[in-house]
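Let's take a friendly tour of a protein model, looking at how its side chains meet. Have a look at the picture first, then read on.

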Amino acid sequence: MLGVYVHLPFCERKCNYCAFISFTNIQEQEENYVNHLLEEIEQSKNKYFEGKKEKIDTIYLGGGTPSIVKLENIEKILDAIKNNFYLSENNEITIECNPNSLDINKLKFYKKVGINRLSIGVQTLDDKDLKIINRLHTSEQAIDVVRQAREVGFENISVDLLIGLKNQTKENFIKQIEVLKNLGVKHFSCYMIQVENGTKLEQLYNLDKNIILNEDESVDIYEKTADFFNKSEFLRYEISNFAVKGFESKHNYKYWTGENYIGFGMAAHSYINGIRYANPKNFSQYYLGENISKEVLTKKQIIEEHIMLGFRCNNGVNIPFLNSLGYDITQNSDYKFMKEKNIIIEKNDKVYLNPNYYGVNNFIIVKLLP
Amino acid sequence: MERIKKIRNFCIVAHIDHGKSTLADRLIEKTGTLAKRDMQAQILDNMELEREKGITIKLTPTRMIYNYEGEEYELNLIDTPGHVDFTYEVSRSLAACEGAILIVDASQGVEAQTLANAYLAIDNNLEILPVINKIDLPSARPDEVKKEIEDVVGIPAMHAPCISAKDGTNIDQVLEMIVKEFPAPKGNEDARLKCLIFDSYYDNFKGAICLIRVFDGCVKVGDKIKMMQTGKVYDVTEVGIFVPNEKIVDNLKAGDVGYIAGSIKNISDVEVGDTITLANDPIEKPLPGYKKVQPVVFCGVFPVDGAKYNELKDALEKLKLNDASLDYMPEVSQALGFGFRCGFLGLLHLEIITERIEREFNLDIITTAPSVFYHVYKTNGELLEISNPSALPSPVEIEHIEEPVVKASIFTPPEYVGAIMELCQDKRGVYKDLIYIDTNRVKLNYILPLGEIVFDFFDSLKSRTKGYASFDYELAGYQKSDLVKVDILLNGEKCDALSIIVHKDKAYSRGRVLTEKLKKIIPRQLFEVPIQAAIGTKVIARETISAMRKDVLAKCYGGDITRKRKLLEKQKEGKKRMRKIGSVEIPSEAFMSILKLDDEDK
């Protein structure tokens, strides 16, 4: 089923590792932006679906920091989506939030308008590390927010954590996860911090390489984390994502399994029936509806994406599907070698990456491309 | 005046960068051979690469007309390549002349190739006219340099014109002296045909073209000519001169310089130094000085993308059309697949050819470490001549090995003598002598193994002497040496393309540096990879590449799949540049890395 993504590029402050499209101090833009969003949502039926209302089962409000957007605007956006799509009963509606921009009333409101999943940017429970990466909240605030969300009745809470922060150790990181898990968090996204081009972190890193952990230290923590989850009720269903069964992100899973999704807002991406669209990355072009990139995938690109995404998550790669596109992956010389070495696991008609090799999945994917 | 009395055949010789091509340009301009607007900068260096490197590789002669005291003189300038790799070509060009202008830089003074080229000119009985160039430079010291020429080269230089080829200063003096000082050619146009081939090139329509100097007789279209060395006979289809572009003429007579075309399909049939005569009325003895050109430096050349073998073959064939001295034969390497072993006249030649393959044919190539021809005497009495280290038999089968050596002369300011001696020592050089030319110039003579020079001798010499030393060498036969082959094993498998032949005393340090270097270049793999250097079965150095732990593309954010796919496609492209030894992937740079061993070998 189709999924809907909405991009809300507003932040109170830019985190220094962030390379996403987001802006600070432009709250006055919000009304204007939301009006364009509503218009875009309104027009999408005609643009993509021949005027028909499509069925959807996920909505994802991402950013930026959607939790700083005015509540009435959140409601307007959700209403617009509901008016233009059929929302399935069994739905997942996620909002990304920062601990400092959440409070009990906001949470209650989210609950009221149908949001049933929170993705909270906790990042770390170490206050020194929070400072280094320029976050606005403390660990105490983060814990409070999770507790409040549970009180309000949110079952499906996801937490983002960063691996590789300066003061992290295997032990204290696992302890942080345990604290959050005990509060009822059912989903963790653990990303290794990356020094992206053009970020503040890059500048700092160039001055002091020790501002984050080195690769080996980070990988140690990453492996320990995977190990910890492996022994618990959590399932690693994607390289960086761990969830209690039934709490996997339905929306994100669409990205990895080649399902359709439609994105609204600046810099948002869509994938509709074999075509990828991307909205422009600045306000003026987005408002004018200019420069929407459109890419009709070739057979080869579909193959590449299927392999790239299939080995990222527990969905795996569908061998007959690749065959139907003209690529017999089992004839790849590296495939045989990797199968022998148990790096990839063939089961029925599918092939999966052995989770022990998730950390080097890119290397493996590149070898298995046609 | 008799026709032949008004001809002057001359060349310009100089150390690299002393301004040979610039002076040639000025002469062409001053005599009105080409209007200024038609001149590309340095017209005689007609290959892009030559202009870029500021060196002349291919010779292009030019006929100029110069009016002197009411008479029109025909000046034939034969430009020469200014590099040691092309000594033989230079000597044949000189043999086509009666005079040589010896350019010396007014601030640099006499350098190694100044002397080498001057001696070549003297050997060919040429009249030498020294010219002091670059007097426009603030550091010019023309009087001292004149004295240096007299002292070092041993020819009178007090009346040498002091010019600036760049600014066009005193070019007339040079032209006048060419007419006055250089003898007119001797020869009899009624005698039997005798021409020297001093160069050749390939024309897509006319076939191989012979650049010739006529010593006796006359040649015209329709003549049946014979190459005396190869014995081949051709019908002349065209004769002409260079002004500097080709211009057809009725005939070429004794004293003239020009070209002959004769539907010669293969450039290898036109050998530089060969003598042309008439097939049905030949002379008895060819001109002296002919030598078969032999390559001295060898390396493997492989396409980075194995599928491009045929394109590489085409490229070599095309280059060979124009360059008879380029040698190549197919070679198969376990590591690098199908490619060619190529022979070159020297390192510069190697560099030029490989760069032309990449540039003109747009091919990415891997070149293996340059090597020389070794004479391997086997215990069973057999003699092997090998240039590919992987072809060296196992140590037990070898009685002894001989390697080529060169006589090297190095010119340097005295303060660098210590550093140079240390370098030569390090390169297994044998000291011959040291001559003080004047208070600020010393000439050092060494016997050095050619195999050491082909590593990075030039670069080391330059860096140790801040660029002040100049270097020239000539081959000086073979000598017995204690050489061994060092193999590189990756994950226990020998990588043939990384094998090197080195002196036994250096095997350990080379092996160590090589393994360290490879550890840095070869990316981590899924498994731990040991890198070993070994002589036979004996491991002399070992490094380990630990297994890769992290290789993940950033998270799939907001469904932007395209960006990730493009990153992957790029990485996949990069993989094509990788070679596989067993299960180990090696980037193509690894194969080049052994060329630059010595900077860290100290």
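Does Tyr253(A), at 22% relative accessibility, count as buried or partly exposed? Tyr253(A) counts as partly exposed, because its relative accessibility is 22% and the buried label needs a value under 20%. Keep in mind that this is a predicted model. With that said, here's what turns up in the two chains, topic by topic.

**Chain A as a whole**

- Chain A has 14 helices and 17 strands.
- Of the 370 residues in chain A, 57% are buried.
- Take the contacts in chain A between residues at least 6 apart in sequence: 68% of them join residues at least 24 apart.

- Over all chains, the structure holds 33 aromatic pairs.
- One of them is formed by Phe188(A) and Phe229(A), a tilted pair with 5.4 Å from centre to centre and 45° between the planes.
- Phe188(A) sits in strand S8 (residues 187-192) of chain A and Phe229(A) in helix H8 (residues 215-230) of chain A, so this pair ties together parts that are 41 residues apart in sequence.
- Both Phe188(A) and Phe229(A) are buried.
- Tyr237(A) and Tyr253(A) make another pair, which is tilted because the planes are at 40°, with the ring centres 5.9 Å apart.
- This second pair also links distant parts of the chain: Tyr237(A) belongs to strand S9 (residues 234-238) of chain A and Tyr253(A) to helix H9 (residues 250-257) of chain A, 16 residues apart.
- Tyr237(A) counts as buried because its relative accessibility is 0%, whereas Tyr253(A) counts as partly exposed at 22%.
- Rings can gather in a cluster too: ring pairs link Phe10(A), Phe23(A), Tyr33(A), Phe283(A), Tyr286(A) and Tyr287(A).

**Charges over rings**

- Lys53(A) has its charged end over the ring of Tyr86(A), 4.8 Å from the ring's centre.
- Over the face of Phe247(A) you'll find Lys186(A), at 5.6 Å from the ring centre.

**Salt bridges**

- Side chains of opposite charge can pair when their charged atoms come close.
- The structure holds 57 salt bridges over all chains.
- In one of them, Lys300(A) partners with Glu304(A), and their closest N and O atoms are 3.1 Å apart.
- Lys300(A) and Glu304(A) are separated by about one helical turn because they are four residues apart in helix H11 (residues 299-310) of chain A.
- Lys300(A) is partly exposed, with a relative accessible area of 47%, but Glu304(A) is buried, with a relative accessible area of 4%.
- Over in chain B, Arg510(B) forms a salt bridge with Glu452(B), where the closest N and O atoms are 4.0 Å apart.
- Arg510(B) lies in helix H11 (residues 504-521) of chain B and Glu452(B) in helix H10 (residues 450-464) of chain B, so the bridge ties together parts that are 58 residues apart in sequence.
- Arg510(B) and Glu452(B) are both buried.
- Lys494(B) forms a salt bridge with Asp487(B), with 3.7 Å between the closest N and O atoms.
- Lys494(B) counts as partly exposed at 45% relative accessibility, while Asp487(B) is buried, with a relative accessible area of 4%.
- Salt bridges that share partners also join Arg3(B), Arg63(B), Glu74(B), Glu189(B), Lys253(B) and Asp256(B) into one network.

Note on methods: Residues numbered from 1 in each chain as written. Chains lettered and ligands numbered in written order. Predicted model: local features only at pLDDT ≥ 70, side-chain atom pairs only at ≥ 80, totals over all residues. Heavy atoms only, no water. Helix = DSSP H or I, 4+ residues; strand = E, 2+ residues; numbered from the N terminus. Buried < 20%, exposed > 50% of the residue type's maximum accessible area, 1.4 Å probe, protein only. Contact = heavy atoms within 4.5 Å. Phe/Tyr/Trp six-rings, centres within 6.5 Å; stacked < 30°, edge-to-face > 60°. Lys NZ or Arg CZ within 6 Å of the ring centre and 35° of its normal. Salt bridge = Lys/Arg side-chain N within 4 Å of Asp/Glu carboxyl O.
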